[in-house]
Amino acid sequence: AIVCSAAAMVCAAFALGPCARVAASLCALATYVVLVGFEPSVQRAAVAGVVGLLAVLNSTRMEPIHALSLGIIALLFVDSDLAVHFGFALSCAATLGIVALSPLIYKHLAVTGWPAIFLRAIAVAIAADILTLPLIALMSGEVSVVSVLANVLVAPATAPITVVGLLAAIAAQLGPLSIIAAGLLKLIEPAAWWINTIAHGVAGLPVVTITAHP
């Protein structure tokens, strides 16, 4: 979502039309998948993204949950082994929570009058946590009690690391432009430091996980 949105925003800045924005988003998505790798969670995100972008191109409305469902069906049709892959299951569950539950959670949080961007981050973190909780309990026998806190605190650093990091990865593949890659990585060092600091900070709290009883 971050990568596609960034590509669309660049096109919008140059006053390009919807078709150009969708094409740029598709190219950015393809580049991201190639550089990151074909992990099950990446495959799910890529397919769902393509379905959503095609819906935009056809000027039709497609509910995000429909795009997610179509992506899951397509991937399972190609590789049925993904059905028992925890990474794939966690990714699908988290996305389902975000598209199905986060709007409802945000609606109830909005009455507090706090900044919308902060409340949306909390709603997304809680929604993803609720849907992935049973899977995590099954995987590890314990669940985190600080995951929502950690996700909310690192949210501001996620977008710059994703976008600038992708540009740095592209530049690093182009030989003479590797010096640009180094400069780009320098730009996001503070964001990486923040995420690392939060990770170690919440891990050091008195209670981090609790046992998940059957």
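Tutor: A salt bridge is a side-chain nitrogen of Lys or Arg within 4 Å of a carboxyl oxygen of Asp or Glu. Please bear in mind that this is a predicted model.

Student: Which residue forms a salt bridge with Glu189?

Tutor: Side chains of opposite charge can pair when their charged atoms come close. For Glu189 and its partner, the closest N and O atoms are 3.5 Å apart, and the cut-off is 4 Å.

Student: Is Lys186 buried or exposed?

Tutor: A residue counts as exposed over 50% relative accessible area. Glu189, at 42%, counts as partly exposed. Lys186 has a relative accessibility of 55%, so this residue counts as exposed.

Student: How many aromatic pairs does the count come to?

Tutor: Ring centres must lie within 6.5 Å for a pair. By this rule the count is 2.

Student: Are the rings of Trp114 and Phe118 stacked, edge-to-face or tilted?

Tutor: Their centres are 5.8 Å apart. Planes under 30 degrees apart count as stacked and over 60 as edge-to-face. The planes here are at 40°, so the pair is tilted.

Student: What is the angle between the planes of Trp193 and Trp194?

Tutor: Trp193 is exposed, at 54% relative accessible area, and Trp194 is partly exposed, at 32%. Their rings form a tilted pair, 6.4 Å centre to centre, and the angle between the planes is 45°.

Note on methods
Residues are numbered from 1 along each chain as its sequence is written. This is a predicted model: local features need pLDDT of at least 70, side-chain atom pairs count only at pLDDT 80 or more; totals for chains, interfaces and linings use all residues. Side-chain values use heavy atoms; hydrogens and water are left out. Rings of Phe, Tyr and Trp (its six-membered ring) pair if their centres lie within 6.5 Å; planes under 30 degrees apart count as stacked, over 60 as edge-to-face and the rest as tilted. Buried means under 20% relative accessible area, exposed over 50%, partly exposed in between (1.4 Å probe, protein chains only).
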